[in-house]
Amino acid sequence: MAVLELANVSKHFGAIQAVNDVSLSLQAGEVVGLMGDNGAGKSTLVKMIAGNYRPSHGTMRMNGAELVMHRPIEARQHGIEIVYQDLALCDNLTAAANVFLGRELRRGLGPMRILDYKSMYRRAGEIFKELKSETRPRDLVKQMSGGQRQAVAIARTMLSEAKIVLMDEPTAAISVRQVAEVLNLIRHLRDRGIAVVLISHRMPDVFDVADRVIVMRRGRKVADKAIAASSPEEVTGLITGAIEQV
Amino acid sequence: MAITLDRAIGQRQQSWVTSVLSSQTFWVLIAVILACLFLSVATDTFATPKNLYNITRNFTFVAIIALGMTLVIITGGIDLSVGSVLCLCSMVLAVVMHAGYSIEVGIAASVGTALVIGGFNGVMIAYLGFPPFVITLGMLSIARSLAMVASNNTVVFQFGPDHDTLLAIGGGAWFFGIANPVLYMIVLALLTGFVLRWTKFGRYVFAIGGNEHAATLTGVPVRRIKVTVYMISALSAGVAGIIQTGWLGAVTTNIGAGMELQVIAAAVIGGANLAGGVGTASGALIGAALIEVIRNSLGLLGINAFWQGTFIGGATVLAVLFDRIRSFRQSE
């Protein structure tokens, strides 16, 4: 069964049809590249999955059960984690503090519960180790490289048993070496059986790491096929409209 | 590979000693201690019990409010209304007690006033998106005017049946001859320090100052925390007002005038960053102490009191200058 299924989902803002009748499904342990030009509707689509917007029409199902969310925080409760384009990190806090932001571990009883620094440092360290990232839990994020910052943002998604991870342009603003690091992190998530949606403008990254590519144009899904059966030229054609639909 | 990765992850970035040496608060503390040592040698009047008692008591009011202000500054905000809120809360206490109510009622009314004002500031800032500077500037004017209305701009110096209790609370020295306001300050500082370091609330205060948008996205109740922070700031002004009323034994409508600037200076000298995300409870106390030591020493050294502002302003600029130099070095 698909982890997530969208059936005929549309979203309009007033007269603007941002997403038009899109159906798709995500399988566990699959990386899906979501591509499209600016304004093609990919970020609106992802924001519906992330709980920021509610679809105007159509339904979303997660493991067969209907998924209705009112606030972004509910997505997390359903096992949907988001890595934002700007990573949503607090520079003045440590890596561990950022990983646990919003779901700090505490110890003690009742109202006198205090932050459990030791457990948070330990758990964050374990996650960084699993990600094979040289990131120290006690370091301030301010002093970290782009790749380490990505690792911190991705480590967040591994705190709970995430089923779907949505990544918004994770390789847009980092160096070549760090891109390789991030793509490894994505493979890592996939190997844990997580469905990863990778929004990207970078053709090489998508063809490197994704199993499937979905192309959006003017709010519609114009392609949904295995990476092996496609080519960068075809995807470029689909994005620009040179190729109508496949 | 596994071993080196383990070691890399387990390593601490900086030792305890280097992190102390790189904190602005530490160097300001050194400055305070050096100034005290110098004054003890240079004058016979500084290191007398009476003068020390005066100094410790004088800086507590600024320090207590600076604790609340530090929380606001860490979230990236500012509260300009504290001086006027102190005045209004003192006046509410005075008027209620003068009317014959007990001290409990007076304090409850005063604390309630502080919480309402802080809540109003916070809601306007967090929910309606007002710039903190604007709304608290408005409140600076409103609160002082309300204090004048409440008292008809008179001096209140009779506090009804519990007159003596109030004076004892503010003016007494119940514990080893330490002035009561100092005790309250120490307790409140410990409490603030604890909250900042060990509670979720404290963590969120820093997170909001570091990246408010990120805090929102990760599920931090940003608006609620902001409202709470402005309530705490107003409350600290109210508490300082209550204690100061007991200490002075009289309330006029001009107490606390211009105090907000001293309080902000104390927080900033102590290491709080007006851009948000940085600040400590101990810094607030040490900053307030430095200001008071400067003020006291100018008097003892026979320097014209008109120079006070120059020295305090200079200290503020100097303290932040060290921080700037350090961050320039780091960026190079």
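Which domains does the domain assignment of chain A give? The assignment gives domain 1 (1-79 + 161-246) and domain 2 (89-160); such bounds come from an automatic or database domain assignment. This is a predicted model, in which local features need pLDDT of at least 70, side-chain atom pairs count only at pLDDT 80 or more, and totals for chains, interfaces and linings use all residues. Residues are numbered from 1 along each chain as its sequence is written, while chains are lettered from A and ligands numbered from 1 in the order in which they are written.

**View 1. The two domains of chain A.** The C-alpha centres of domain 1 and domain 2 of chain A are 27 Å apart. Their contact takes 12 residues from domain 1 of chain A and 10 residues from domain 2 of chain A; two residues are in contact if their C-beta atoms, placed from the backbone, lie within 7 Å. On the domain 1 side, helix α6 (residues 176-191) of chain A has the largest share, 5 residues. Helices (H or I, at least four residues) and strands (E, at least two) are DSSP runs, numbered from the N terminus. By class, this side of domain 1 of chain A has 6 nonpolar, 4 polar and 2 charged residues. Ala, Val, Leu, Ile, Met, Phe, Trp, Tyr, Cys and Pro count as nonpolar, Asp, Glu, Lys and Arg as charged, and the others, Gly among them, as polar.

**View 2. Two loop residues of chain A with positive phi.** Most residues other than glycine have a negative phi. Lys132(A), not a glycine, has a positive phi of about 55°. Lys132(A) is in the loop between α4 (117-130) and α5 (146-157) of chain A. It counts as partly exposed because it has 14 C-beta neighbours inside 10 Å; with C-beta atoms placed from the backbone, a residue is buried if 20 or more others lie within 10 Å of its own, exposed if 12 or fewer, and partly exposed in between. Glu169(A), also not a glycine, has a positive phi of about 45°. Glu169(A) belongs to the loop between β9 (164-168) and α6 of chain A, and is partly exposed, with 17 other C-beta atoms within 10 Å.

**View 3. Chain B against chain A.** The contact takes 26 residues from each of chain B and chain A. In chain B, α1 (2-10), α10 (200-210) and α11 (212-217) each supply at least two residues of the side that touches chain A. α10(B) gives the most, with 6 residues. This side of chain B has 11 nonpolar, 11 polar and 4 charged residues.

**View 4. Helices α6 and α7 of chain B.** Helix α6 (residues 103-126) and helix α7 (residues 132-151) of chain B pack at about 150°, with their axes 9 Å apart. Axes are lines fitted to C-alpha atoms, for helices over the stretch in contact, and angles run from 0 to 180 degrees between N-to-C directions. α6(B) and α7(B) are therefore roughly antiparallel (angles under 35 degrees count as roughly parallel, over 145 as roughly antiparallel, 65 to 115 as roughly perpendicular and the rest as oblique). The residues in this contact include Ile117(B) of α6(B) and Pro132(B) of α7(B). By class, the contact of α6(B) with α7(B) has 7 nonpolar, 2 polar and no charged residues. Leu128(B) is in the loop between α6 and α7 of chain B, and counts as exposed, with 8 C-beta neighbours inside 10 Å.
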